[in-house]
Amino acid sequence: MGIIYFDNSATTKPHREVIDEVAECMENHFANPSSAHRLGLDAEKKVKVARERVARLIGSSPEHIIFTSGGSEANNTAIRGVVSPGDHIITSKIEHPSVMKTMQFLEKEGCEVSYIGVDSRGIINMEELKGAIKENTKLVSIMHVNNETGTIQPIYDIVKAVKEKNKRAKIHTDCVQSAGKIKIDVEKLGIDMASLSAHKIHGPKGVGALYIRENQALRPLIYGGGQEMDLRSGTENVPGISGFGLAAKMISDDMEGKIKHVNEVKSHFIDRISEIDGAVVNSPADDFHLGNILNISFLGVKGEVLLHALEDYDIFVSTGSACSARRAHKNYVLPAIGLKPCYVESAVRFSFSYLNTIDEVDYTIEKLKTILSFLRRIKK
Amino acid sequence: MKRLLIKYSSEISLKGLNRGSFENLLIHNIKKAIGNSANVIKDYGRMYIDIDGDSDDEVSEMVKKICKVFGVLSVGVADVVEKDIIKIGECASAQLKCMPDVKTFKVVTKRGDKKFPLNSMQISSKVGAIVLDNVPSIKVDIHNPELIINVEVRDNAYVYLKEYKAQAGMPYRSAGKGILLLSGGIDSPVAGYMMAKRGLEIVAVYYHSHPYTSERAKQKVIDLASKLSEYTGSIKLYVVPFTKIQMDIIEKCREDELTIIMRRFMMAIAGRIAKKEGALSLVTGESLGQVASQTLESMYVTDKVVDMPVFRPLVGMDKIEIMDISRRIGTYDISILPYEDCCTIFVPKHPKTKPRLSDVESSEKALDKENLINDAVENSEIIKLGENGEQIISKM
C-alpha cells in the first residue's frame, strides 16, 4: 500500500512541481532580487509572480502580501507589530502555540490579554467575546481553523461584532490551517491581517506570508535592508517563495473539487469508524469542521501508543497531547472543547490532503481493528 | 619544541609485572582517541606526544580527546627545553609574559631525573628568581598563587602553566567485559561510565517496547550510548524487543509482581547476552531504595536469575550525586528528554517492594520463559556506536 500519510496538518509532502520549481530557482534564478543587474530583475520577477499567486489564494492583491519565514513568524509579526505595553488584546483559548506563547510573552511586557473560551464544537463564545471588547482593545487575534479539531470560526461574525464595539481594534486571523482548504476572501471577511504557511499546502518549509490590509502601522520584527515593504528585512528566500507561489496556484485549481474529495474521505472514515468500539469522533463532518481534520478518541488506548502501532503499517498520524513531540506538553485545545482527560489522552488526529484516497481509509480502518484488538487485550 | 605531557593514574605505574601491558593498552586507547598515526612516547610515569607541527586548535582538540581517555590523570601543553636551569627559567618567563593579567605565581617542580644537580626545591626557587628578574611587577605567592608554573625535569625539562584534568581511572578494556542495562534515564549511563572508568569494557542493552515506547526513546538511548563512546572509543548496543514479554507478564501474572518479574527478564536477557559476548558481569544503575524495584529484596530476587556478579556502582549514591556526575560527563541533557515513560501501562499501582523469591518463581511458572528470552535475544538489533557514527550490525 505504500506510505499512508494522514498527518497533513503537521505538514504536507511537497508537490513534485514545487520541488522542481525550488531547484530551478536555486539553479537558474539565484541572484539577489535587490541587485541592479538583469539577473536580479529575473529573481525579482519570480517573487512578483509568487506574490500574485499567494494573494489570489485569499482574494487579495499582491501589495498586501509580505513573505515571512513561515506561519509562526507571520503570527509573531502581526501580533507584536501592532501592540504596545498597556494595550488590551483578545484571543482564544485554542490558538496555535506561536500565538499563545506570544500572548503570554506580551502579558509579561505589560499587555492585558483576554482568552475567550469555546463551546464543545470549538467555536468561540460570541457573547464572551463581545463582553471582552474594551476601549483600549488594540488587537483581536482569532484563528480561522483550529489545527487539532478542524473547527472553523465564524470570522465574518467576529469581525462584525468587534468593529461594532471598537472600530480601531485590528483583527488578525491565523489562516495557516484554512488557506487552500476553504475559500477565503480577506476583503469580504474584513480582517486586517492573516497568516499563511506554504508547507501546509504542499509547498516548501521555511516560507509563509502575512496579509496586511492597507493603512496598517506595523512595526517589523526584523530590521535590515528594507525588503518586503520595510516590514520584513532579509534577502528574499526566492526558491521558497516561488515554490510557495506554485503551491498556492496548484491548490487553487479546482479547489471546490478538492474540498469535495477531502470531505468524502472524512465522511467515509467516520462511517467506517462506527465498526470500531469505543471510537469517539471529536470533529464531526459538518459545517463547523474542516474536512481535512478528523480527531478521534480511542477509549482505553493511549493516543501515542496507537500512533506508534500505526507506524508499523506505514500509517502516519498525530496526537495532540503526548511526549512524542519535541517537548512534553499538555494539550490545551481538547480540554478547552470540554473533553475529559481519558478522551484527551486517547485522541488521535488524522489529517487529510486531497491526495489521500478512500482506499487508504479502508486500509487504515482494517489496521486499526487489528491494532486495537491487540492493544485492548490489556485493560488498564 | 612543544610536547603534550600526559600523566596517568598512579594505580597503573604501581603495577608490578603487568605494568607494561596496562601502559600499552593506555597508549592504544589514546591513539584510538586522537588518530592512530600519533606517536605516543612512553617514559616512566609519563607519556609524551610531539605537537610541533600542530596548530593551537588541533592541540586543544587533541587535549580534549585525551582528557576523555580513562587512565589519564592530566594533560599539560609543555615547552621542552634543555636541562639547564637558566633555559628553564627563561622559558617560564616567556610563558608568563604571555599572561599580562597574572600578578602572583609559584613554581612547582618534579624532578624525575635524580642525576640533575639541583633538587626540586632548589629548582623551584631558582626558576622563581629568574622569572622575578624577567617579568615586571609580578610576585611570588606560595599559598594562593594565581598561576602555577609547572617544571618537570626528566629526559628533558618540561615547562607548562596549565594542567588539564582528565578522568583518571584505569585503561578501558583492562578489566574484562560487562553488560550495561541502559534505560534512557539519568542513572544507567552514569553507572556505565563509572565501570568503564575502572577498565570494564561495556556492551549496552536497551529494552524496547514498541509501540509503547517511541522511536525517539530508542534514539535517545542511542545518543546516550554514543555519548559514552566518547570515553570508550566505541560501544556496542543491543536493542531488545520487549513488548511480547511485557504483554505476557501483564496477562498471566499478578499486577503487583509486574515490575519484579520484568526486572528478572531484563537481567536474564542481559545474562544471556553476556554469555554471547563473553562478558562476566552485568552493570545496572540501581541506587538502593530509589524506587520500588531498587530495594534490597528486589535486588536479591533479580540477582537470582544470573550467575555472575552484578555491578551497581551507584548503589550507595544519592540522586543529587548521580546527577552531578551525569552533568559532568554530558549525559544529563540527553537523559532528561521526555521520551521515556510515556506509557504507564507497565507500571503497577502498588508494586511489591519486598518480593519473595519463592512467590515470584511460582508466578513465573505461567510463562514460557525460555522461549520468550530466546526470541528476545535472537531478534535484537545490534548497533555499534563510535567515531564512525551509527553502524547497524544486525537488524531487528
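Predicted model: local features only at pLDDT ≥ 70, side-chain atom pairs only at ≥ 80, totals over all residues.

Reader: What makes a segment of chain B count as one of its helices or strands?

Author: Helices are DSSP runs of H or I with at least four residues, strands are runs of E with at least two, and both are numbered from the N terminus. On this basis chain B has 14 helices and 16 strands.

Reader: Why are helix 6 and helix 11 of chain B called roughly perpendicular?

Author: Helix 6 (residues 187-197) of chain B and helix 11 (residues 319-329) of chain B pack at about 70 degrees, their axes 9 Å apart. Axes are lines fitted to C-alpha atoms, for helices over the stretch in contact, and angles run from 0 to 180 degrees between N-to-C directions. Angles under 35 degrees count as roughly parallel, over 145 as roughly antiparallel, 65 to 115 as roughly perpendicular and the rest as oblique. The two helices of chain B are therefore roughly perpendicular to each other.

Reader: Which residues of helix 6 of chain B meet helix 11 of chain B?

Author: Asp187(B), Pro189(B), Val190(B) and Tyr193(B) meet Ile322(B), Ile325(B), Ser326(B) and Ile329(B) of helix 11 of chain B, a contact being two C-beta atoms, placed from the backbone, within 7 Å. These residues divide into 6 nonpolar, 1 polar and 1 charged; Ala, Val, Leu, Ile, Met, Phe, Trp, Tyr, Cys and Pro count as nonpolar, Asp, Glu, Lys and Arg as charged, and the others, Gly among them, as polar.

Reader: What makes strand 13 and strand 14 of chain B a pair?

Author: Two strands pair if DSSP finds at least two bridges between them. Strand 13 (residues 281-283) of chain B and strand 14 of chain B are joined in the parallel sense over 2 bridges, and Leu282(B) stands opposite Val310(B) in strand 14 of chain B.

Reader: Where do strand 14 and strand 16 of chain B stand in the sheet?

Author: The open sheet has 7 strands in the order 14-13-10-11-12-15-16 (chain B), with mixed pairing. Strand 14 (310-311) and strand 16 (389-394) of chain B stand at its edges, each with a single partner strand, so one side of each has no neighbour in the sheet.

Key
Residues numbered from 1 in each chain as written. Chains lettered and ligands numbered in written order.
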